[in-house]
Amino acid sequence: MASNIKIPINPGRTGWKEILPTRTVNQNLLDNINADYLIIGGGFAGLSAARRLNQIDASAKIVLVEACEIGEGPAGRNSGFMIDLPHNLASDDYLGSLEKDREQTLINRSAIEFAKRASEEYEMPAEAIQLVGKTNAAASKKGMKFNTDYAKHLDKTSEAYKMLDAQEMKSLTGTDYYINGLWTPGTAMLQPALYIQSLADGISKKSNVVIYENSPVIALEDEGRHDGLKIWKAKTNYGSISSPKIILAVNGIVERFGYFKNSLMTIFTYSSLTRELTLDESNSLGGSPEWGLTSADAMGSSVRRISGIGGDRILVRNRWSYNPSMEAKDSFMSAAANSHNESFKARFPILKKMSMEYSWGGRLCLSLNNVFAQGEVDEGVYSACCQNGLGTAKGTAIGIITAEKISDEKNSLIPNFKDEESPKKLMPKPLMWVGVSSYVLWKEFMAGKEK
Ligand SMILES: Cc1cc2nc3c(=O)[nH]c(=O)nc-3n(C[C@H](O)[C@H](O)[C@H](O)COP(=O)(O)OP(=O)(O)OC[C@H]3O[C@@H](n4cnc5c(N)ncnc54)[C@H](O)[C@@H]3O)c2cc1C
């Protein structure tokens, strides 16, 4: 039972959503209703769970409630790399053990396949999800060494890749900032707000799922038993939903529901998106109109060029902050925006007059041992949380897995998933704050030219 659940503020306006045409937002919950299944949270995990539950039982009454507008939360704030390969942010080079990495790759690929099928079924614009791969970019010798080591790891797992030299990186991006790149083919590139909104709208139109937006669940209460099942009542500001089966797809906010207390870390990272490039700017920069770079160093900058619905623009994502309060202070936001400007200028000196039109931040949830916060946490209540940074793929996967668990479906779309250990307990918050914040600052400093 939980009450007075506070929803943290999402800092800044997410450019991904702002550059899209206005969308019709689903209704706010104003009544007291019943559902066979209630999903709380409309990000990758929640919406994937809704779609999977409907596939399993098309006649079930499924309700999904989202605290804000779909696409306004972290799911519409990320950089859109839906990566198939291991991407462990806590390691220097994203990698873990070979066996664990092989398992994770299969899981991520099943999630990408699920997302791709959804995009076809719901006739999403092509830009919502494109299977074009991504490049791990290196601007320094140290970064290049990360790429070489990553390639050796890929050799051992028989994964395809292509090494790009400085000239090829310039042909791709228009800048000579990068000296090396490692292209891998299996990443799906998302326009995250477009994908997540199209997913929600497709689910609403083509299935038996009812979505309420701007309807934060502020309390979850035990309503007694009915037909042998425990019934839960989720209260919003103006209504409620009673259901025996609940999926919590709220990422780190699951702690505020009383589960996984002191086991999850809320980390923020930040992005800025330029205004549209003029035709002259675009011509003088050269390169391809669309590309996506993650950094060879896990603490470096992700950089993307897009040229879809919102025009020709460049995105920079960097900086991390550990915020146990789940709120990022304005000072973090402005420091990150300054850092984006510096990283942009260093990479694109030719675009001297360019300015950032949008800057924003968003929450990620990490556990010390890099595991999900998942499974049945109370009678009929299942958690599908803690994606450890790769929430586009892993959030989709845990949403599917949780829908299958709660409905007792034996035929899994993610057959490789094995239940993991629980997230490890954290040290007391002040100690964690000092430890993680110093670690992040040190690693960012060490990222040097990759930042
Ligand atoms: C700037 C940035 C860049 C990133 N880049 C990438 C990337 O390139 N690739 C990648 O894989 N990941 C990336 N991430 C991480 C990724 O966005 C998250 O891991 C992912 O969104 C997690 O998905 P989720 O569905 O589990 O949770 P969320 O997307 O956080 O969705 C949970 C939803 O639950 C809602 N909610 C919470 N509490 C309640 C409540 N009480 N009632 C109703 N609704 C509630 C929230 O409003 C939220 O919309 C990035 C994140 C940020 C911030």
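In the predicted model, Ser110 touches Leu413, Ile414 and Asn416, when residues up to four places away in sequence are not counted. Ser110 lies in helix α3, which covers residues 98-121. Its relative accessible area is 16%, and because buried means under 20%, Ser110 is classed as buried. The side chain of Ser110 also reaches the backbone oxygen of Leu106, at 3.0 Å.

Strand β21, formed by residues 381-385, is largely enclosed by the rest of the structure, because five of its five residues are buried. Burial applies to both faces of β21: Val381, Ser383 and Cys385 lie on one side, and Tyr382 and Ala384 on the other. Strand β14 (residues 246-248) pairs with β21 in the parallel sense over three bridges, and Ile247 stands opposite Tyr382. Strand β20 (residues 373-378) runs antiparallel to β21 and is joined to β21 by five bridges, with Ala373 opposite Cys385. A hairpin is formed by β20 and β21, with two residues between them. In the turn, Gly380 has a positive phi of about 80°.

Nonpolar side chains tend to be buried together in soluble globular proteins. Here the largest nonpolar core has 66 residues, and Ile39, Leu47, Tyr195 and Leu199 are those with the most contacts inside it. A second, separate core has 30 residues, including Ile5, Val250, Met326 and Ala373. With neighbours within four places in sequence left aside, the contacts of Ile39 include Gly46, Leu53, Ile62, Val65 and Ala249. Ile247 is also in contact with Ile39.

Technical notes
Residues are numbered from 1 along each chain as its sequence is written. This is a predicted model: local features need pLDDT of at least 70, side-chain atom pairs count only at pLDDT 80 or more; totals for chains, interfaces and linings use all residues. Side-chain values use heavy atoms; hydrogens and water are left out. Helices (H or I, at least four residues) and strands (E, at least two) are DSSP runs, numbered from the N terminus. Buried means under 20% relative accessible area, exposed over 50%, partly exposed in between (1.4 Å probe, protein chains only). A polar contact is a pair of N or O atoms within 3.5 Å; within protein, one must be able to donate a hydrogen and the other to accept it, and residues adjacent in sequence count only if both atoms are side-chain atoms. Contact means heavy atoms within 4.5 Å. A nonpolar core is a set of buried Ala, Val, Leu, Ile, Met, Phe, Trp, Tyr and Cys residues joined through side-chain atoms within 4.5 Å. Two strands pair if DSSP finds at least two bridges between them.
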